[in-house]
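Visitor: I would like to go through this model with you. Please set each label against its cut-off.

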Amino acid sequence: MDEFVIRGPVINPPAPTQAEQVTRVVHVGPDGTIAACPAADTPAARTLLAQTRQRGVPVHDLGPAQLLMPGFADLHVHAPQWPQMGRALDLPLRAWLEQRTFPLEARFADPAFAAPVYEELVRTLLANGTTTAVFFATIHEESSLLLARTCLRLGLRAHVGLVAMDDPDLCPENYRNPGVEQALDATRRFIHAVRALPGNAAGLVRPMVTPRFIPACTDALLRGLGELAAREDCLIQTHCSESDWEHDYVRQRMGVNDTLALDRLGLLRRGTVLAHSCFMTARDMALVQARGAAIAHCPLSNAYFAGAVLPLRAAWQAGMHVGLGTDISGGYSPSIAVNAAMAVTAARMLDTGTDPDLPAEKRGRPGARLGFTEALWLATRGGTAALGCNAGQLVAGQAFDAILIDRAAPGSNIMPSGHDTDAQDLVQQILCNIGRPNIRTVWVAGRRVHESCP
């Protein structure tokens, strides 16, 4: 990979409550990491430019309405559900699974059906600025490995999970693992196959142990997957305390909330990603923090299926890792920016309350609000930090996973301005209005993986 330099405005989240806008000189090394990133009007930047030009390294200057920002991280995507995104959202969760989702996912037994779906999904995520994604695939090894290959070929930083689900009380006969040992053997083979993919020596695409959720798995399978994840040193993903139905089901079956049940089964540890988690108690949050696990906050999907708003501020105060997820297709948008703006909206509604029959002072949960700078963190470094990825900020030493935004692109909903001195205002405008026309170029680990027509 060739090295290059980009000079122009950079939006960056140095911390959850901070956003900065600084014109910088970003030097991307041949290994795809940021070698240096000094402010443009400094001796360090001038020295860097002189040295790289002397060696013939290309320098690209951004246009007046363009800027760089870190790529987005999506911690929860159901890849096989792409064909039904924006459909059947009127159904309750269990009916949605049984009537629509399981029949669709069962079709991925056919790799010929899976291939164009996964190709279109990965290209769409990249075009929306997603540079890191965490995928649930299906129970089918061949098509799930096809998803991993597609991510690797197109350059998306990805974590891919072969789904495990064997409980006949919920899972249909034509879409479940026939037994515990078969599911464990398949997961073990999948982990090794993903790690051995040609061209994947740097681990751009990684496997994840993926019990769908407690209602879909027997205790024996859950326990076996926890032991397998520990032996293979593999990250874990599952759903946790998602809806009233799922949360109550687990309490009745296990006698405890999802979080404690997952911990007892060996599935709660550093690198575990828990999707939704709306009904966690303070005790649950303390346990998740102690284990180093993370929440994939899916605010758009939660509005349709959870029946509750994640108290994200409380999760942060408990010291937990939190990132964002689109939850395709429970969420109807492939854009993390849309979900970042929705996270702010949902937190504000939790803060103020929504029942107009109650007086304002009794209506909500004061202190639950979320700012747009915090939403930017969730959308970028919050997600990558949860996965242990060295990306998510445009700083020296991290991977150059980045988006070039053009606010003057044809079809843009963002009004360019010559008075963008307030980084917080600019972040808010971007998260609320960014669309595919604005995303001119996307890089992952220094590789250009998407470019729109000018």
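Visitor: Why is Glu-374 called buried?

Guide: Its relative accessibility is 8%. Buried means under 20% relative accessible area, exposed means over 50%, and partly exposed lies in between (1.4 Å probe, protein chains only). Therefore Glu-374 counts as buried. The model is predicted: local features need pLDDT of at least 70, side-chain atom pairs count only at pLDDT 80 or more, and totals for chains, interfaces and linings use all residues. Residues are numbered from 1 along each chain as its sequence is written, and side-chain values use heavy atoms, with hydrogens and water left out.

Visitor: What makes Glu-374 and Arg-313 a salt bridge?

Guide: Their side chains meet at 2.7 Å, N to O. The definition asks for a side-chain nitrogen of Lys or Arg within 4 Å of a carboxyl oxygen of Asp or Glu, so the pair qualifies. The pair links distant parts of the chain: Glu-374 sits in helix 14 (residues 372–387), Arg-313 in helix 11 (residues 312–317), 61 residues apart. Helices (H or I, at least four residues) and strands (E, at least two) are DSSP runs, numbered from the N terminus.

Visitor: How many salt bridges does a search of the whole structure find?

Guide: The search finds 20. One of them joins Arg-55 to Glu-3, with the closest N and O atoms 2.8 Å apart. Here Arg-55 lies in the loop between helix 1 (43–54) and strand 4 (59–61), and Glu-3 in the segment before strand 1, 52 residues apart.

Visitor: Are Arg-55 and Glu-3 buried or exposed?

Guide: Arg-55 has 51% relative accessibility, so Arg-55 counts as exposed. Glu-3 has 19%, so Glu-3 counts as buried.

Visitor: Why are Asp-219 and Arg-253 given their accessibility class?

Guide: Asp-219 has a relative accessible area of 32%, so Asp-219 is partly exposed. Arg-253 has 28%, so Arg-253 is partly exposed. Their side chains meet in a salt bridge at 2.8 Å, N to O.

Visitor: How do you know that strand 1 and strand 2 pair?

Guide: DSSP must find at least two bridges between two strands. Strand 1 (residues 4–15) and strand 2 (residues 18–28) are joined by 10, so they pair. They run antiparallel, and a hairpin joins them through 2 residues. Gly-8 stands opposite Arg-24 in strand 2.

Visitor: What joins strand 2 to strand 3?

Guide: 2 bridges join strand 2 to strand 3 (residues 34–36), also antiparallel. That meets the cut-off, so they pair. Val-28 stands opposite Ile-34 in strand 3. The hairpin has 5 residues between the strands, and Gly-32 in the turn has a positive phi of about 85°.
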